Amino acid sequence: MKTESILHLDLDTFFVSCERLIDSKLLKRPLLVGGIGDRGVVAACSYETRKFGVHSGMSMKLARQLCPEATVIKGDSSTYTKHSQLVTEIIKERVPVFEKASIDEFYADLTGMDKFFGTYKFATELRNTIIKETGLPISFGLSSNKIVSKVATGEAKPNNQMRVDTGLEKQFLAPLSIQKIPSVGTKTYQTLRNLGITKVHIVQEMPLEMMVSALGKHGQTIWRRANGIDRPPLIPFHERKSISTERTFTKDTTNMVQLRTTITAMAENLAYQLRRADKLTACIAVRIRYSDFQTYSKQIKIPYTSADHILIPKIIELFERLYERRLLIRLVGVKFSDIVTGNYQINLFDDTEEMLSLYHAMDHIRKKYGEKSIMRATSMGAKTIGRFHNPFSGEPPIVLAHRKQ
Ligand SMILES: [Mg+2]
């Protein structure tokens with residue numbers, strides 16, 4: 001069997017490191033990044049704050065109480081997007097096949113490079129280049145699959161590297177807490193702990209059937225991961241899916257109210273799809289087709305986001321710049337691309353727990369009662385907004401019967 005070499009790279013405390021790059025006085029100091037008001041939320045925190053019990057997602061007020069000496073900085077998503085794209089460019093120049101798993105996390109397929117460079121040497125040089133050219137600390141894990149490499153990165157941190165040789169995956173994982181296996185969340189960990197399973201080696205000693213009967217299909221995934229044999233495929237960066245929707249009007253229109261309402265509803269729903277799948281977009285586009293079938297589109301790059309209150313005004317602005325022929329419109333479409341995994345809290349530095357709670361509550365209602373159960377007042381006029389191509393559901397795109405291409 002061909003042995004693969006999969007590298008996992010992860011920038012250390014990414015937002016914190018970016019802030020320290022801008023202001024070196026912040027180095028080695030306890031640092032909190034997030035909403036700066038009393039009702040803000042911690043988006044990232046430095047290692048120095050963690051011994052006080054501070055973690056991301058916590059209210060800033062509580063974090064300040066736990067660690068009063070910490071410097072508090074309001075985050076800036078455009079800075080982090082810029083640095084993330086810089087690191088992406090460095091990797092892209094040197095590795096033919098890589099995946100951008102999130103704003104600060106990458107997988108690279110180094111299989112076959114052994115003969116020429118030695119994969120560990122290559123990975124070490126790549127890491128050193130990133131540190132030298134960006135000034136950002138980064139760690140890596142290298143092994144025969146994504147899962148073991150990701151765990152190895154976690155063990156190597158901060159600012160270090162680790163290799164797990166082929167054949168030693170199981171041995172490497174054995175003494176670790178089962179919580180370190182990717183996809184073992186808080187809830188699964190509770191279930192496992194109630195069964196007396198706290199370390200990876202216990203799962204390794206169990207028959208697969210026992211894990212399946214305890215946790216169903218998820219149990220099988222965890223068992224395979226614990227044994228170091230799960231091999232999820234790399235999703236190459238250039239194949240990153242987009243998410244889009246379009247609507248052909250039954251009657252061509254120039255009604256600006258109707259057009260804006262439809263586009264708002266589309267952007268709102270796509271943003272919800274992003275948040276539901278824990279994704280962010282950095283490129284948005286609007287498409288229009290006039291009654292003479294001429295089709296135009298416009299796209300812009302934006303800082304990573306999945307927040308309605310950022311996306312909707314930008315989409316409307318794009319539409320207004322695009323719609324210049326003043327002819328009847330036959331079709332409108334909205335597309336988000338350059339999608340990575342990430343939490344929407346990235347945009348909520350300005351905002352408060354109330355804003356977080358609002359998104360949380362709205363998405364909860366949608367999940368429970370359906371996507372159109374709750375909408376912004378501005379999109380309420382849109383009775384139907386067409387159907388969606390959602391790559392995260394694993395389903396093929398729906399081709400509309402009435403769509404003429
Ligand atoms: Mg990171």
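The model on screen is a predicted one. Colour the buried positions of H6, which are Lys146, Ile147, Val148, Ser149, Lys150, Val151, Ala152 and Thr153. Then show what these residues pack against: strand E1 (6-11), strand E6, strand E7 (138-143), strand E8 (161-163), helix H7 (169-173) and helix H11.

**The whole chain**

Zoom out for context. The protein chain holds 14 helices and 13 strands. Of its 405 residues, 39% count as buried. Take the contacts between residues at least 6 apart in sequence: 66% of them join residues at least 24 apart.

**Strand E6 and Glu105**

Go next to E6, one of the elements that the buried residues of H6 pack against. Strand E6 covers residues 105-109, and Glu105 is found in it. An unreviewed UniProt entry places the feature "active site" at Glu105. Is Glu105 buried or exposed? Glu105 has 20 C-beta neighbours inside 10 Å, so it counts as buried; the cut-off for buried is 20 or more.

**Helix H11: Arg224 and Ala226**

Helix H11 is also on the list of elements packed against the buried residues of H6. Select residues 217-226 to display H11, and pick out Arg224 within it. The C-alpha atoms of Arg224 and Ile147 are separated by 10.0 Å, although the two residues lie 77 apart along the chain. Leaving aside neighbours within four places in sequence, Arg224 is in contact with Ile229 and Asp230. Because Arg224 has 18 C-beta neighbours inside 10 Å, it counts as partly exposed.

Now move to Ala226, also in helix H11. Ala226 counts as buried because it has 28 C-beta neighbours inside 10 Å. Which residues does Ala226 contact, leaving aside its neighbours within four places in sequence? They are Leu173, Ile181, Val200, Val203 and Gln204. Leu173 falls in the range of helix H7 (169-173). For another distance, draw a line from Ala226 to Lys180: the C-alpha atoms are 9.6 Å apart in space, and the residues are 46 apart in sequence.

**Helices H1 and H4**

Select H1 (residues 14-22) together with H4 (residues 77-94). Their axes are 10 Å apart and the two helices pack at an angle of about 95 degrees. H1 and H4 are therefore roughly perpendicular to each other. Show side chains for the contact: Phe14, Phe15 and Cys18 come from H1, and Thr79, Tyr80 and His83 from H4. By class, this contact has four nonpolar and two polar residues, with no charged ones.

**Helices H12 and H13**

The last stop is the pair H12 (residues 256-276) and H13 (residues 308-322). Their axes come within 9 Å and cross at roughly 140 degrees, which means that H12 is oblique to H13. H12 passes H13 in a right-handed crossing. On the H12 side, the contact is made by Arg260, Ile263, Thr264, Ala267, Glu268 and Ala271. On the H13 side, select Asp308, Leu311, Ile312, Ile315, Ile316 and Phe319. Coloured by class, the contact of H12 with H13 shows eight nonpolar, one polar and three charged residues.

How values were computed
Residues are numbered from 1 along each chain as its sequence is written. This is a predicted model: local features need pLDDT of at least 70, side-chain atom pairs count only at pLDDT 80 or more; totals for chains, interfaces and linings use all residues. Axes are lines fitted to C-alpha atoms, for helices over the stretch in contact, and angles run from 0 to 180 degrees between N-to-C directions. Helices (H or I, at least four residues) and strands (E, at least two) are DSSP runs, numbered from the N terminus. Angles under 35 degrees count as roughly parallel, over 145 as roughly antiparallel, 65 to 115 as roughly perpendicular and the rest as oblique. A crossing is left-handed if the near helix is turned anticlockwise from the far one by less than a right angle, and right-handed if clockwise. Two residues are in contact if their C-beta atoms, placed from the backbone, lie within 7 Å. Ala, Val, Leu, Ile, Met, Phe, Trp, Tyr, Cys and Pro count as nonpolar, Asp, Glu, Lys and Arg as charged, and the others, Gly among them, as polar. UniProt positions are given in the numbering used here, feature names are shortened, and annotations may be inferred rather than shown by experiment. A residue is buried if 20 or more other C-beta atoms lie within 10 Å of its own, exposed if 12 or fewer, and partly exposed in between; C-beta atoms are placed from the backbone.
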